[in-house]
Amino acid sequence: MNNIPFTFDINAADGLPTKYDNHIERHLSAMKGQYWDNAAYAALLSQNDELLYEVYELQRPQVAGELLHGISIVHPGKVGDEYFMTKGHFHTVLETGEVYYCLKGQGFMVMETPEGEWAVEELRAGGVLYVPPRWAHRSVNCGSAEDLITFFIYPGNAGHDYGTIEAQGFRKLIVEKDGRPAVIDNPRWSKPGKK
């Protein structure tokens, strides 16, 4: 890995970076237990293990002082009434934040703290979102036909904690209601510290 300045471009049409070190694909099967409607999840999975989202990472050392960055692409679609989304995560080092710049599409970032505070912010092309330290976050694509594409950047030592969200879920869900995105309570959310 070079320790010299570098540049790369992002293709405006598809959001792909001209340079990346790691490409992650998350399929529907990797999201078991994350969608509210288990029957809709099982029915969709029985038809096809759809590609929900992709991440293109430019790898740097995972240490304080470095900035890890890349591109996230959440494809359009729904499981029942719930839009396609990322797994979502806390940072292992809770006192680290993250910045997202939306390149294309429309959606939301669902966020919450370990204490259960929550926020939902819109993602739209040209918009910048700051996720403060201590806030778990999940990208949701509410577009019907267009990818939600974001550039992200976060401290090299932040790490990812997916397990907490897998166990308790997010407090809020984004679903289609009357033809529009709506924020609703997650009936399966478990309060932090409760089992």
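Strands S12 and S13 form a hairpin with 2 residues between them. In this turn, Asp 178 has a positive phi of about 55°. The model is a predicted one. S12 covers residues 172-177 and S13 covers residues 180-185. The two strands run antiparallel and are joined by 6 bridges. Within the pair, Glu 176 stands opposite Pro 181 of S13.

A second hairpin is built from S7 and S8, with 5 residues between the strands. Here Gly 116 takes the positive phi, near 100°. S8 spans residues 118-124 and runs antiparallel to S7, with 7 bridges joining them. Phe 108 has Glu 122 in S8 as its bridge partner.

**The nonpolar core**

The largest nonpolar core holds 36 residues. Leu 28, Tyr 35, Leu 52, Val 79, Phe 84 and Leu 129 touch the most other members. Helix H1 (38-47) gives two or more residues to this core, as do strands S2 (51-58), S3 (67-74), S6 (98-104), S7 (106-112), S9 (128-131), S10 (136-141) and S11 (148-155). S7 gives the most, with 4 residues.

Which residues does Tyr 35 contact, leaving aside its neighbours within four places in sequence? They are Leu 28, Tyr 41, Leu 52, Val 79, Glu 82, Tyr 83, Phe 84, Met 85 and Arg 188.

**Cavity and pockets**

The structure holds 1 cavity of 30 Å³ or more. Its lining consists of Glu 82, Tyr 83, Met 85, Val 110, Arg 138, Val 140, Lys 172, Leu 173 and Ile 174. Strand S5 (82-83), S10 and S12 each supply at least two of the lining residues. S12 gives the most, with 3 residues.

The largest pocket is lined by 28 residues. Val 55, Glu 57, Tyr 154, His 160 and Tyr 162 lie nearest its centre. S1, S2, S3, S6, S10 and S11 each supply at least two residues of this lining. Which strand gives the most to the lining of the largest pocket? S2 does, with 4 residues.

The second largest pocket is lined by Met 1, Asn 2, Ile 4, Phe 6, Lys 19, Asp 21, Leu 58, Gln 59 and Arg 60.

The table sets out volumes and lining classes.

| Space | Volume | Lining by class |
|---|---|---|
| Largest cavity | about 50 Å³ | 6 nonpolar, no polar, 3 charged residues |
| Largest pocket | about 480 Å³ | 10 nonpolar, 12 polar, 6 charged residues |
| Second largest pocket | about 180 Å³ | 4 nonpolar, 2 polar, 3 charged residues |

**Thr 18**

Thr 18 lies in the segment before strand S1 (22-27). Is Thr 18 buried or exposed? Thr 18 counts as exposed, because its relative accessibility is 57% and the cut-off for exposed is over 50%. Not counting residues up to four places away in sequence, Thr 18 touches Phe 8 and Asp 9. Thr 18 and Phe 151 are 133 residues apart in sequence. In space, their C-alpha atoms are 13 Å apart.

Conventions. Residues numbered from 1 in each chain as written. Predicted model: local features only at pLDDT ≥ 70, side-chain atom pairs only at ≥ 80, totals over all residues. Heavy atoms only, no water. Pairing = 2+ DSSP bridges. Core = buried A, V, L, I, M, F, W, Y, C linked by side-chain atoms within 4.5 Å. Buried < 20%, exposed > 50% of the residue type's maximum accessible area, 1.4 Å probe, protein only. Contact = heavy atoms within 4.5 Å. 1 Å grid on protein atoms, 1.4 Å probe; cavity = no way out; pocket = protein on both sides within 12 Å on 5 of 7 lines; lining within 4 Å. Points joined across faces, edges and corners; volume = space filled by probe spheres on them. Nonpolar A, V, L, I, M, F, W, Y, C, P; charged D, E, K, R; others polar.
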